[in-house]
There are 2 protein chains.
Amino acid sequence: MSRGVLMVFSGPSGCGKGTVLKEFFASGGDAFLSVSATTRAPRPGEEDGVHYYFLSREDFEQRLSQDEILEHACYCGNYYGTPRGPVYERLERGENVILEIEVQGGLQIREKCPEAVLVFVLPPSFDELRRRLLGRQTEDMETVSRRLETARQEMQAAYDYDYIVVNDRLEDAVDELKAIFAAEKIKTANRKTMIDEVLRYDA
Amino acid sequence: MSRGVLMVFSGPSGCGKGTVLKEFFASGGDAFLSVSATTRAPRPGEEDGVHYYFLSREDFEQRLSQDEILEHACYCGNYYGTPRGPVYERLERGENVILEIEVQGGLQIREKCPEAVLVFVLPPSFDELRRRLLGRQTEDMETVSRRLETARQEMQAAYDYDYIVVNDRLEDAVDELKAIFAAEKIKTANRKTMIDEVLRYDA
């Protein structure tokens, strides 16, 4: 059986990453969405192993030193990262795994897991990104401006990713995501044993 | 507009390449099937520009020297090859192009067109390949044995291709072919201008 596909899924705030993933799963998309570990305290309603793995700082640092964290970042004094174990268990069972992480994490994954496939979600245009962020109406103009500037910086990383999904029509974006999984699954690297088997027969 | 995808499509005799392509086009697959050039004489019913471009030996050799032939081989004293012009015209218009060629040609294309995507079609097993070749009943056992030996040699090249399509269930093989086109189309190299455009906006 061939290994699953490890996919990094990144994109700026407002590009609709979450919506694309939701629709991917709702429409039968087959993958495991990785759960991050963090040292920040759980918020009301957050469950361990569902929203995050909640770890103590000591535990997180020990795992870091044992190379048990695939990528990590510090944010507001807390660690956030991807534990290796659950990801590789799934991959070895042939399941696809999606890491929804920021670009710095994505590029760490590229270093550590060369087989990973990096997918960047772009909004159809910068104007549209602004409209989406303004449409939320939960933030003032200054916050929106700051987020747009952050988005611009993050989007520079798109050039270093493998695939670009443009979230214009949601169905198209979801189809593209499925096509990436389908195509990566049949890359020669993932089908070497199949070639071996067909050739093994001794006439 | 992004360029089309250039796909090399190879596989041993009996793997069902032709059937996969036929079903690909019948089910709405969107690509131009490249027409080869040859110096052999047309057979009854063969049309110039449809089955082959029929060229004189002088014409073929002149095109070779002008780098107007993407890949070529000599077979029974005649040249066979892929003329560059029609392929690149299509690619530049954004159309996908399929070259149904042998592995030697496929590997020449890899050298000359690094952007090309190489797809190898495998039978589900060597036994099944034998059954398919025997099933044709147009050839004697000795011919079948020779073909099987050629097939085994050709299949060694599968390791050097990018994607492996296993022709077990025809619909699956066709879906895989479509997924390859869909995924290759959104590779970052093909969407650089899209990233440029989203980033160009000056807030």
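**Strands, helices and a core**

Trainee: Let's start with strand 7 of chain B: which residue there does B:Phe9 stand opposite?
Mentor: Bear in mind that this is a predicted model. Strand 1 (residues 6-10) of chain B runs parallel to strand 7 (residues 97-100) of chain B, and the two pair over four bridges. In that pairing, the residue opposite B:Phe9 is B:Glu100.

Trainee: And which residue of strand 7 does B:Phe32 stand opposite?
Mentor: Here the partner is strand 2 (residues 32-33) of chain B, which pairs with strand 7 of chain B in the parallel sense over two bridges. Opposite B:Phe32 you'll find B:Val97.

Trainee: Which residues touch the most other members of the largest nonpolar core?
Mentor: That core has 42 residues. The ones touching the most other core members are A:Phe9, A:Val119, B:Phe9 and B:Val119.

Trainee: How is helix 7 of chain A oriented against helix 7 of chain B, roughly parallel or roughly perpendicular?
Mentor: Both helices span residues 170-185, and their axes sit 8 Å apart at an angle of about 115 degrees. Angles from 65 to 115 degrees fall in one class, so the pair counts as roughly perpendicular.

Trainee: Is the crossing of those two left-handed or right-handed?
Mentor: Look at where they meet: A:Ala179, A:Ile180, A:Ala182 and A:Ala183 face B:Ala179, B:Ile180, B:Ala182 and B:Ala183. As helix 7 of chain A passes helix 7 of chain B, the crossing is left-handed.

Trainee: What about helix 1 of chain B, is its crossing with helix 7 of chain B left-handed or right-handed?
Mentor: Helix 1 (residues 17-26) of chain B comes within 9 Å of helix 7 of chain B, axis to axis, and they cross at roughly 70 degrees. That makes these two roughly perpendicular. On the helix 1 side the contacts come from B:Thr19, B:Val20, B:Leu21, B:Glu23 and B:Phe24, and residues they meet in helix 7 include B:Leu177 and B:Phe181. The crossing is right-handed.

Trainee: Last one: what share of chain A's residues is buried?
Mentor: Chain A has eight helices and nine strands, and its C-alpha atoms fill a box of roughly 75 × 45 × 30 Å. Taking a residue as buried when its relative accessible area is under 20%, the share of the 203 residues in chain A is 46%.

Terms used: Residues are numbered from 1 along each chain as its sequence is written. Chains are lettered from A and ligands numbered from 1 in the order in which they are written. This is a predicted model: local features need pLDDT of at least 70, side-chain atom pairs count only at pLDDT 80 or more; totals for chains, interfaces and linings use all residues. Side-chain values use heavy atoms; hydrogens and water are left out. A nonpolar core is a set of buried Ala, Val, Leu, Ile, Met, Phe, Trp, Tyr and Cys residues joined through side-chain atoms within 4.5 Å. Buried means under 20% relative accessible area, exposed over 50%, partly exposed in between (1.4 Å probe, protein chains only). Two strands pair if DSSP finds at least two bridges between them. Axes are lines fitted to C-alpha atoms, for helices over the stretch in contact, and angles run from 0 to 180 degrees between N-to-C directions. Angles under 35 degrees count as roughly parallel, over 145 as roughly antiparallel, 65 to 115 as roughly perpendicular and the rest as oblique. A crossing is left-handed if the near helix is turned anticlockwise from the far one by less than a right angle, and right-handed if clockwise. Contact means heavy atoms within 4.5 Å.
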